Amino acid sequence: PSGYALTWPSAAVGIHLISARATDSLGYSTFSMPIVVYVVGPDPAPLVGLGSPATGQVFGPLSTIPLSATASSALGTIQRVEFVAADRVVATLYSPPYATNWVNPPPGNFAVTATAHDDIGVAATSPAAYIQVLPAPRLPVVVVTAPASGSSSPSGQALALAASAIAPDGAI
């Protein structure tokens with residue numbers, strides 16, 4: 001035969017010198033030149049933590065939401081960090097510090113995460129921060145209550161004026 005094969009089950013992590021030995025029918029044997037084989041364990045996932053925003057934060061319309069994260073990799077280097085809100089990447093950073101702003105986000109409730117990708121192709125995602133972005137503010141409403149529409153008042157007398165107002169998203 002032209003070649004022989006062997007499967008080494010559960011090779012230990014580390015550096016190994018491997019050679020082959022051939023023995024003929026007369027009992028003579030020889031060894032091949034050794035080769036170096038590196039058996040490596042699985043690449044541990046990067047470590048990533050979301051610094052901001054924090055769970056429970058509420059932002060007004062037309063806000064700027066600060067985004068920050070920390071990321072590291074035990075075997076590789078961090079290639080990029082993506083900030084994701086509601087399954088949409090809102091920012092990607094390629095070098096530390098991993099901090100930016102999400103400008104003018106749409107209204108809604110969002111789970112914001114940071115995903116770190118290393119150069120070996122392994123990614124990890126931070127726990128989510130749950131935030132809310134409020135819709136555009138509703139305008140206050142004002143109604144003149146006195147005098148009645150179409151009423152008349154004699155000249156020279158004080159004219160009593162009154163109004164009612166509400167502000168759905170604030171105070172009057």
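Me: Where is Thr-115 found?

Reply: Thr-115 sits in strand E11; strands (E, at least two residues) are DSSP runs, numbered from the N terminus. Before we go on, this is a predicted model, where local features need pLDDT of at least 70, side-chain atom pairs count only at pLDDT 80 or more, and totals for chains, interfaces and linings use all residues. Residues are numbered from 1 along each chain as its sequence is written, and side-chain values use heavy atoms, with hydrogens and water left out.

Me: Is Thr-115 buried or exposed?

Reply: Buried means under 20% relative accessible area, exposed over 50%, and partly exposed in between (1.4 Å probe, protein chains only). Thr-115 counts as buried because its relative accessible area is 10%.

Me: Which residues is Thr-115 in contact with?

Reply: Contact means heavy atoms within 4.5 Å. Leaving aside neighbours within four places in sequence, Thr-115 is in contact with Arg-80, Val-81, Glu-82, Ala-123, Ala-124 and Thr-125.

Me: What joins the side chains of Thr-115 and Thr-125?

Reply: A polar contact of 3.0 Å does. The term stands for a pair of N or O atoms within 3.5 Å; within protein, one must be able to donate a hydrogen and the other to accept it, and residues adjacent in sequence count only if both atoms are side-chain atoms.

Me: How many salt bridges does a search of the whole structure find?

Reply: Look for a side-chain nitrogen of Lys or Arg within 4 Å of a carboxyl oxygen of Asp or Glu. The search finds one. It links the side chains of Glu-82 and Arg-80 (3.0 Å, N to O). Glu-82 is buried, as its relative accessible area is 17%.

Me: Which residues have the most contacts inside the largest nonpolar core?

Reply: A nonpolar core is a set of buried Ala, Val, Leu, Ile, Met, Phe, Trp, Tyr and Cys residues joined through side-chain atoms within 4.5 Å. Here the largest one has 24 residues, and Leu-67, Val-81, Phe-83 and Trp-102 have the most contacts inside it. Among the strands that each supply at least two residues of this core are E7 (64-72), E8 (78-85) and E11 (108-118).

Me: Where is Ala-45, and what does Ala-45 touch?

Reply: Ala-45 lies in the loop between E4 and E5. With 39% relative accessibility, Ala-45 counts as partly exposed. Not counting residues up to four places away in sequence, Ala-45 touches Val-122, Ala-123 and Ala-124. Ala-45 and Ile-120 are 75 residues apart in sequence, yet 9.8 Å apart in space, C-alpha to C-alpha.

Note on methods. Helices (H or I, at least four residues) and strands (E, at least two) are DSSP runs, numbered from the N terminus.
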